[in-house]
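Visitor: Hi! Could you walk me through this one? I'd like to go from the overall picture down to single side chains.

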Amino acid sequence: GLGKEKRVEIAVRIHDTGLNMGTIENACKQRDNYREQLQKTNEALKTYLKELKKMRKFFMESIQEAEEGQKNSKEAIKRALKYKQIEEDNKRLRQLLKTQLENSEHLRAETQNTVDKLREEFNLLVKELTKFKSEHTKDGGGREGPSPGRGMEERRGEPPMSRKMPAKIPKLKLQE
């Protein structure tokens, strides 16, 4: 049969730190929201570019029709004015999308900074716990028996941080 494994309990009290699971979860949720917002902005930009191509085609056809004399001049003027208005609207939309993309990139950078800081703080905590555990083991202290609640179990052969941290959020560039 298997013998009972020794468990070592470690209690850590951290004062004045903002690091907790809620903070980490919020940072991850915020990162996911920014990714979603960026995806929607990219989709809107693609749709905008398709519409712009359609409008250019429409304008070129209008010019060709006007030159061929197939339409009367009054209708051609209306189309040209409509095209000008559409181009102005497109210019405003392009600027709005550019602003949204810049804001999204700024928020992505802030989120990445927060995640990096939280990761750094977490790594320091793991180092402190490892140091404490090693000092605690050397001194022969600690209780034996099962740990109540959320105690840290000693794992043999595994590094303190066996979980992969998320990679950096990629920057997206606007193609013009």
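This is a predicted model: local features need pLDDT of at least 70, side-chain atom pairs count only at pLDDT 80 or more; totals for chains, interfaces and linings use all residues.

Guide: Happy to; we'll start with the overall fold and then turn to side-chain pairs.

Visitor: Noted. How many helices and strands are there in the protein?

Guide: The protein has two helices and zero strands. Helix H1 covers residues 21-68, and helix H2 covers residues 73-139.

Visitor: And how much of the protein is made up of buried residues?

Guide: Of the 176 residues, 18% are buried. The protein exposes about 14,600 Å², with carbon and sulfur atoms supplying 52% of that area.

Visitor: What about contacts with a separation of 6 or more: what share comes from residues 24 or more positions apart?

Guide: That share is 88%.

Visitor: Let's switch to aromatics. How many aromatic pairs are there?

Guide: The count is one aromatic pair. It is formed by Phe 59 and Tyr 83, whose ring centres are 4.0 Å apart.

Visitor: Why does the pair count as stacked?

Guide: The ring planes of Phe 59 and Tyr 83 meet at 20°, so the pair is stacked; the cut-off for stacking is under 30 degrees.

Visitor: Where do the two partners sit in the chain?

Guide: Phe 59 is in helix H1 and Tyr 83 is in helix H2. They are 24 residues apart, and the pair links distant parts of the chain.

Visitor: Is Tyr 83 buried or exposed?

Guide: Tyr 83 is buried, at a relative accessible area of 10%.

Visitor: Great. Now for charges: how many salt bridges does the structure hold?

Guide: There are six salt bridges. As background, side chains of opposite charge can pair when their charged atoms come close.

Visitor: How accessible are Glu 51 and Lys 54?

Guide: Glu 51 is partly exposed at 36% relative accessible area, whereas Lys 54 is exposed at 54%.

Visitor: Which salt bridge does Arg 31 form?

Guide: Arg 31 forms a salt bridge with Asp 32, and their closest N and O atoms are 3.4 Å apart. Arg 31 counts as buried, with 11% relative accessibility, while Asp 32 is partly exposed at 38%.

Visitor: Is Arg 119 buried or exposed?

Guide: Arg 119 is buried, with a relative accessible area of 17%. Asp 116 counts as partly exposed at 23% relative accessibility.

Visitor: Last one. How far is the C-alpha atom of Arg 119 from that of Leu 19?

Guide: Those C-alpha atoms are separated by 9.5 Å, while Arg 119 and Leu 19 are 100 residues apart along the chain.

Visitor: Nice, thanks. I'll find Arg 119 in helix H2 and look around from there.

Definitions and conventions
Residues are numbered from 1 along each chain as its sequence is written. Side-chain values use heavy atoms; hydrogens and water are left out. Rings of Phe, Tyr and Trp (its six-membered ring) pair if their centres lie within 6.5 Å; planes under 30 degrees apart count as stacked, over 60 as edge-to-face and the rest as tilted. Helices (H or I, at least four residues) and strands (E, at least two) are DSSP runs, numbered from the N terminus. Buried means under 20% relative accessible area, exposed over 50%, partly exposed in between (1.4 Å probe, protein chains only). A salt bridge is a side-chain nitrogen of Lys or Arg within 4 Å of a carboxyl oxygen of Asp or Glu. Contact means heavy atoms within 4.5 Å. Accessible areas come from the Shrake-Rupley method with a 1.4 Å probe; for residues, only the protein chains shown count as cover.
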